[in-house]
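Morning, everyone. Please look at the structure on the screen. I'll start with the rings, then move to one helix.

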Amino acid sequence: MACLKKKGNKYYVKDVVGGKEIWHKTQTGDRAEAEQKLRDYISFKNTGSASPFPSKTPLNEILSEFCLFLKTTLRHESYIKDLSRLRNVFGPVCDALKIERASKSHAGELLEQKPDKPNYIVVKDLEEITTVHITLFLNRMMADRGIGKKTANNYREMLHRFLNWAITQMNKRFPGGVNPADNIKLHKIPAPEITYLTRQEIGLQLNALNDSPMFQAIVATLIYAGLRREELLWLRRSDIVTDDSGRSSILIHAKTFDGITWIPKNKISRSIPVSDVLKPFLDTVIKEKENHGWLFATPEGSRWNPDCFSEKLRELNIEASNKMKAEENGELTVWSCIDYRHTFGTQLASRGISLYVIASLMGNSPDICRKHYAKLFPSTLHHAINSVDYSLVADCSSQLSDVMGRLVPDAPMQVEPAVTEKANKEKKVPVGLAVIINAAAVEQPEIRRNHLRLLRT
């Protein structure tokens with residue numbers, strides 16, 4: 001039976017669980033307050049309500065359970081990304097967070113490199129994590145490893161999600177009964193800068209990869225089909241389909257390979273038509289002999305690791321840029337996969353294609369496309385403004401039309417100050433109404449005189 005015991009000037013709740021004696025700190029020397037915590041503790045044991053005392057859970061055990069939870073609920077790419085963040089926060093403290101070397105079937109896997117001075121949150125038990133631990137970790141990551149505000153927010157969100165899961169799903173309790181990440185404020189993120197290639201830069205980029213036909217086809221696919229990096233690397237040859245009329249399309253859909261299930265972002269499957277400019281690049285790749293099924297594979301015939309792929313593409317572009325400098329042919333900007341994807345969206349937007357159509361082709365919401373590409377509709381906006389004719393003509397069918405006029409196409413408006421402010425005062429006509437009269441009747445004095453008589457009455 002739980003009871004109160006006093007050690008020094010503080011009270012403890014003593015209990016026996018599973019034959020083992022356990023002491024809980026009440027953090028108080030007041031008898032009445034300690035008795036209340038004892039009653040809360042007994043209620044917790046009898047009814048399963050919230051415990052008044054922090055729990056005590058080895059960090060490696062709770063992290064193992066959380067990793068298993070992530071694996072069973074997230075897309076594979078999201079699961080791998082979350083594991084990477086947890087590893088950077090706590091280090092390889094459990095088997096799920098240890099880095100294994102790439103197997104033969106996943107050639108090209110990029111192993112994470114540990115920093116010279118790991119900035120891990122080092123605690124033995126989950127409940128030892130405090131707001132101070134999280135704050136210092138994020139500050140060190142931003143100062144020592146140069147992460148940006150958005151990445152820092154992602155780490156904060158990852159920690160908040162982990163700790164909240166432990167509280168709500170595993171019945172763990174922190175001192176004070178609050179999530180330590182609750183008090184960490186999010187950094188304000190400026191509006192994203194959308195970068196993309198111009199037509200001239202597209203030509204320079206593709207020509208720079210003439211010596212690497214596969215990567216040239218990859219970049220062409222990203223630019224002319226607007227795929228995400230993971231969508232590109234998960235393309236199978238069977239995903240390029242041709243209809244009876246000979247028109248080809250790229251299918252983006254869920255698939256399972258080698259025990260790994262991949263699902264498109266937002267869980268939206270879509271079909272992107274292969275344009276005439278993209279088709280020659282894809283035909284070059286498809287004609288090559290292969291026995292692995294991937295449209296764009298590593299030299300070993302396996303699926304590219306996304307980070308390895310980006311690093312290889314970057315190396316090829318830097319090499320091409322250095323070659324252009326040596327030959328005094330200018331310089332090549334080192335673009336990223338997201339820049340190629342934005343190029344696809346901006347090219348469509350600049351031609352006045354509906355944002356809804358762009359969203360369907362890119363697998364985004366129309367709102368995201370509006371934020372990224374709406375400003376790229378200058379010609380469409382000018383056309384919309386200039387297509388409105390503000391010409392006013394008189395129409396005697398009603399008193400309202402006499403006063404206000406109506407819009408008529410192809411009738412140019414020429415407004416002159418036929419009635420001055422001084423004349424308005426003499427005739428006691430309000431200035432605002434005089435402007436309307438001028439606009440409607442400047443070319444027809446007889447109609448203007450009728451308006452003035454109407455206003456006097």
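Phe-66, Phe-69, Phe-90, Phe-162 and Trp-165 make up one aromatic cluster. A word on the source: this is a predicted model, where local features need pLDDT of at least 70, side-chain atom pairs count only at pLDDT 80 or more, and totals for chains, interfaces and linings use all residues. Residues are numbered from 1 along each chain as its sequence is written, and side-chain values use heavy atoms, with hydrogens and water left out.

What counts as a pair? Rings of Phe, Tyr and Trp (its six-membered ring) pair if their centres lie within 6.5 Å; planes under 30 degrees apart are stacked, over 60 edge-to-face, the rest tilted. By this rule there are 12 aromatic pairs. Take Phe-215 and Phe-309: they are stacked, 5.8 Å centre to centre, with 10° between the planes. Phe-215 sits in helix α7 (residues 213–225) and Phe-309 in helix α10 (residues 306–326), so this pair ties together parts 94 residues apart in sequence. Helices here are DSSP runs (H or I, at least four residues), numbered from the N terminus.

Are Phe-215 and Phe-309 buried or exposed? Both are buried, meaning under 20% relative accessible area with a 1.4 Å probe, protein chains only.

Now helix α11, residues 337–350. Its expected span is 1.5 Å times one less than its number of residues. For 14 residues that gives 20 Å, and the end C-alpha atoms are 20 Å apart, which agrees. Of those 14 residues, 11 are buried, including Cys-337, Tyr-340 and Phe-344. After α11 comes Gly-352, with a positive phi near 80°.

Notes
Helices (H or I, at least four residues) and strands (E, at least two) are DSSP runs, numbered from the N terminus. Buried means under 20% relative accessible area, exposed over 50%, partly exposed in between (1.4 Å probe, protein chains only).
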